Amino acid sequence: MTTARASGPLLLGVRHHGPGSARAVRAALDAARPRAVLIEGPPEGDALLPLAADEQMRPPVALLAHAVDDPGRAAFWPFAEFSPEWVAIRWALASDVPVRFIDLPAAHSLAMEEAETDRDEVSAEEDGPPAAVPVDPIRELAGTAGYDDPERWWEDVVEHRAPGSGEAAGPLAAFAALGEAMTALREVYGDGGHPRDAVREAYMRVQLRTAAKEFGDDFAVVCGAWHVPALRTRTTLTADRALLKGLPKAKAELTWVPWTHQRLARHSGYGAGIESPGWYQHLFAVPDRPIERWMTKVAGLLRDEDRFVSSAHVIEAVRLAETLAAMRGRPLAGLSETTDAIRAVMCEGSDVPLALVRDRLVVGSTLGEVPDTAPAVPLQRDLTRQQRTLRLKPEAGERETEFDLRKETDASRSRLLHRLRVLGIGWGEPAAGRGSTGTFRESWRLRWEPELYVRVAEAGVWGTTVLSAATARAESDALAATALAEVTALAERCLLADLPDALPVVMRALADRAALDTDVGHLADALPALARTLRYGDVRSTDTTALGEVAAGLAERICVGLPPACTGLDADGAEALRRQVDGVHTAIGLLAGAVPSSADGLRERWRAVLHKLTVRDSVAGAIRGRAARLLLDDGHLDQDAAARLMGLALSPGTPPADAAAWIEGFVGGAAGGGMLLVHDERLLALVDSWLTGVPADTFTDVLPLLRRTFSAYEPGVRRTLGDLVRRGPTPAGSPGNGPAGGGTTAPGFGPVLDMARADAVVPVLRLLLGLDEHPATAEPEAPDAPAHPATPAPGCPATAPPAHPGRPATVAPVHPERPATAAPVHPGRPATAAPGCPATAAPGCPATAVPARHDDPHLGETA
């Protein structure tokens, strides 16, 4: 029995990105063979439809529409290989049948979206009623059928229908049943919380009337099943045109762009998306036995991650998935059954490897491709050309890569990524390097998102190439910047991106802002970026003379203005300035190497500033403690002076909060503060004595500071400090391990270096570093020299090194043509001593036999 086709066009209501709907659409088109195919989509994309048949076009892809005057206003229409609309497009192009889009034009939808956004913002400010929640028709139908999971219902009803299972009812039966269900829903919910649908459906009906004049009723319409009842509704042309009258309009441009499976997923924000595009792609692509093939994919993925998965695991997982489906009353094992089976059999009950399966397979990281003939803005074409030249292919998955800036290709890749960052195109983000702090190496974290095509279109207003656009954008940002830190950060980006034409404009803006800005905090924020910028000059061969002069001037002004700025600060202000002092200290160390002309004077002035900060009581405790610590680390403050400063800071007359702040500044953070207390018992004893003397009523006030200070230490450091405090100071005169064998602070620790123990490692270090390239060896004899006796002198052991690795040491080298007879070589053969030489070694000296030379034909078994 077959379902008779109703009068009028063939309406194929589908679920977007549903493989079951895609198979049904293909079967219906093969059966009906319509004269034309109409697709839900923007009509401006009709000229782009022939590109769908190009060999370079590989879904997932999307139609990108953006407003010409504002590229940031954009919309996407994604298509996957298993999308019913894509299947219909490919069928029409392969069958040489006209194919067109019939949805509301993008020119109207983009303008309406902007108007709706403005209206929503006004409503939010006026506290208007909340917008109605849109109806999910699939969820409503699933709930009516007794399912709590709409995806599970859709799989059972549509996706798990075996190919050819609906032949008895005909290829159109499923569309007729789905249309009836949607009609019932529309009667109850109306537009379902989609007010724009009335306008869209009116435009679609107008296009259907136009197609009917050209093809009669012999054409097919592929659209969302939700719209089928509205397209069947009989209305007048006048009524539809009245709905379309006065719509806002914006000039729009369309093109094809690659899309990803991640963006198809529902959690990525695309409303018509699905939760498992990788799973649906698998169901659509495999010809048979989908569960067995899926388990094989999962096993391959886990094996690539060094997990033990055998063929027995695959077989057992398939059996378990099928058993679960039978127990749950499902026609075929679905994603939930296969996931449960994989967790139990292949992942040993763990969700950690299961998350990898979801990311790589259930969702997938497929990135589509579009042909070179697809329209694109000039900036996009230049970017694509550079990506191919530099072999830097966009990928949907996140990956980390390292560039060696000494290599031209890697340096060009780095410049491209930095220029894109100037343009606001975040293809790559700098990452922390692994094992290298040199400026010649960069680490990047790369991930290409489809939205970046919109960013490229937006950046097209700055220029037609990446270089010209980045230069123009940098110049504009420099003129518009109001804060000194913004200009210094821009100067750093310009140098990294190699924008020589933009640097003069940025440098003028930097000089102007630096001359006018008197806030020490702003200067301190700006200096580190300038110092980092200067050190890249050597690697990137960039002239940074002018930048160095500006940086030196900033450092001088900081040295003058910092002491007064450190007084009268609250806790938050002191903490912020302490971080700035750390940054300035590091920056001045870099400037000393980058600006040699003022290196010595700059260092001396900065050290004088730090000394002032350590002794001024009006300076916040955190800053005084940090200044003392920086001087101590640089060797400009000895241990006794540091102990004296700590004693003053922790004296009974100092408020506990100020003392705790000084401790946080001196030993706070993870920068070696804990090890300083571990190896200097005087400082640890001062802290311990102060802490035990804090009154109970103020202890809770200083506890947060102390917790923040000591919680940053590594666990081993905290454990060692606890042991030292629990053990207490070692009594004087107790045995220790000091250099003189006298008393020490605690076992394993001493107040001074043990020079004897330190010197013991020097020979090993010299050997490891290769400093002893020519170790002393026994000098070989001349060929004609007489043989030496094999017996060492009385009382002297034979210590000559062996002549060959793995062979015992010989007393003297053997002449190639003269047999040595010092000792027996073969067990059981007597040793024959050389004339005049005793056959036995001196007392206390072992006799060493001379090994036979198996590679010399002149030598026998006796040496």
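I call a residue buried under 20% relative accessible area, exposed over 50% and partly exposed in between, with a 1.4 Å probe and protein chains only. This is a predicted model, so I note that local features need pLDDT of at least 70 and side-chain atom pairs count only at pLDDT 80 or more, while totals for chains, interfaces and linings use all residues. Residues are numbered from 1 along each chain as its sequence is written, and side-chain values use heavy atoms, with hydrogens and water left out.

Loop entry. I found Ser 276 in the loop between α10 (261-264) and α11 (277-285); helices here are DSSP runs of H or I, at least four residues, and strands are runs of E, at least two, numbered from the N terminus. Is Ser 276 buried or exposed? Buried, at a relative accessible area of 4%. Leaving out residues up to four places away in sequence, Ser 276 touches Leu 335 and Val 362 (contact: heavy atoms within 4.5 Å).

Helix entry. In α33 I marked Val 717, Leu 721 and Leu 724 as buried. They sit on the same side of α33, because their arc around the axis is only 65° (taken from the directions from the helix axis to the C-beta atoms). On the face turned away from that buried side I listed exposed Pro 715, Arg 719 and Arg 726. Gly 728 follows α33, with a positive phi near 80°.

Sheet entry. I traced three strands in an open, antiparallel sheet, order β8-β10-β9 (strands pair if DSSP finds at least two bridges between them). β8 (399-404) and β9 (428-431) are the edge strands. Four bridges join β9 to β10 (residues 441-446), and Ala 431 stands opposite Ser 443 in β10.
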